[in-house]
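Hello,

Here is the structure I promised to pass on. My notes follow below it.

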Amino acid sequence: MKLLITGACGHIGSFVAEHIHKIKEIKETILIDNLKSNRHSSLFNLRKKSKKRFYIRDLNNPKSLNDFKNVDFIIHCASMTNAEKSFGKKNQMFSNNINCLKTVIKYCKSKKVKLIHLSSTSVYGKQADIVDETCEKKYLKPQSPYAQIKIIEENMLKKESKKLKYTTFRFGTISGVSKGIRFHTAVNKFCFNAALNEKILVYKTALHQYRPYLSLKDAFKVFKFCINKDFFKNDIYNALSENCTVNQILNKIKKYKKNIKVALVKAEIMNQLSYHVDGSKLKKSGLSLNAKIEKDVEETLNLFDYLKS
Ligand SMILES: NC(=O)c1ccc[n+]([C@@H]2O[C@H](COP(=O)([O-])OP(=O)(O)OC[C@H]3O[C@@H](n4cnc5c(N)ncnc54)[C@H](O)[C@@H]3O)[C@@H](O)[C@H]2O)c1
């Protein structure tokens, strides 16, 4: 079977490209990215264990996928993704991310390709208690343009429900190491600061509040499950490895790096606040996610091990 990964040079896409030989059904993978994020290094030394080709394509062009034939699945990772920076770039992010999904939907509909769409648990925003996928519209409180766009994307797919097969996964904040790793999200950023002996800046209000995290290893498990089990339900599933407080993340870092410096700062973005996300819908469907964020912390810190000497 043939897989196409959009945004293949990004954090998640590059991890999937590197490990795709572990999904036996996939005999050939097409990788596409517009390289605007300059992560060419994601393409270095990809394992030859399965057939892969990379193409520079910008999904703002609605015809950018048209020449790819006999594709069975798309994992759609192409997106502008920095939630915190999305405040200053709302229009650009809106137009890019919606255009990307439009191009992918059009292609999937016309070629009968099954789609894995990635949303984010940040759609829940500031919530008091545990939240799940049945959460009423009025309780979806996206706290950034990035998260607002994710809800629009989810609704675009719902409207097309009769015309294509897809599953939307609301991923927790990703932890772990990939070739296209970024350091702007919580776990990775804290590990980077700790490794460099820099102050870790933590939003005052967020220290003891829960947020959902997803290890890259579990993200891959989600894709494998979806493809192996033909899990295209035209529905939305939360995907997370653990709900943790920022303080718990800091304690995981302290296990490997004793003396870290933490400074509490004013919150710029509300979704840094607490929400406990329920992952049981996916579990009931047959997929348990249990990777340890602590292992990702260790592996991320190890990237900078040479700094210790
Ligand atoms: N990383 C996380 O913590 C996280 C959490 C929840 C959901 N997600 C979602 O998962 C998906 C992938 O995230 P990621 O962390 O890998 O993002 P990323 O920013 O690391 O990678 C996105 C890639 O998409 C490419 N891209 C952007 N616009 C494009 C376009 N018009 N045409 C072609 N390529 C384009 C970029 O060049 C980049 O390489 C996104 O939809 C993101 O919102 C990520």
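First, a term: a salt bridge here is a side-chain nitrogen of Lys or Arg within 4 Å of a carboxyl oxygen of Asp or Glu. By that rule the structure holds 15 salt bridges. One of them joins the side chains of K51 and E28, at 4.0 Å from N to O. K51 lies in strand β3 (residues 51-56) and E28 in strand β2 (residues 28-33), so the pair ties together parts that are 23 residues apart in sequence. Strands (E, at least two residues) and helices (H or I, at least four) are DSSP runs, numbered from the N terminus.

Two notes on the source. This is a predicted model, where local features need pLDDT of at least 70 and side-chain atom pairs count only at pLDDT 80 or more, while totals for chains, interfaces and linings use all residues. Residues are numbered from 1 along each chain as its sequence is written, and side-chain values use heavy atoms, with hydrogens and water left out.

Now the domains. Domain 1 covers 2-175 + 214-240, and domain 2 covers 186-210 + 243-308. These bounds come from an automatic or database domain assignment. The two centres, taken over C-alpha atoms, are 23 Å apart.

How many residues of each domain are in contact with the other? Domain 1 brings 36 and domain 2 brings 31, with contact meaning heavy atoms within 4.5 Å. Together the domains bury about 2,700 Å², 60% of it on carbon and sulfur atoms. Buried area is the accessible area (1.4 Å probe) that two parts lose on being put together, summed over both.

Across this interface the rule finds 3 salt bridges. E299 also forms a salt bridge with K217, with the closest N and O atoms 3.1 Å apart.

On the domain 1 side, β6 (130-131), β8 (173-175), β10 (210-215), α5 (216-228) and β11 (236-239) each supply at least two residues. Helix α5 gives the most, with 6 residues.

Last, the ligand. A backbone N or O atom of H11 lies 2.8 Å from a ligand oxygen. A polar side-chain atom of N96 lies 2.9 Å from a ligand nitrogen. The side chain of K150 has an N or O atom 2.8 Å from a ligand oxygen.

Best wishes

Conventions: A polar contact is a pair of N or O atoms within 3.5 Å; within protein, one must be able to donate a hydrogen and the other to accept it, and residues adjacent in sequence count only if both atoms are side-chain atoms.
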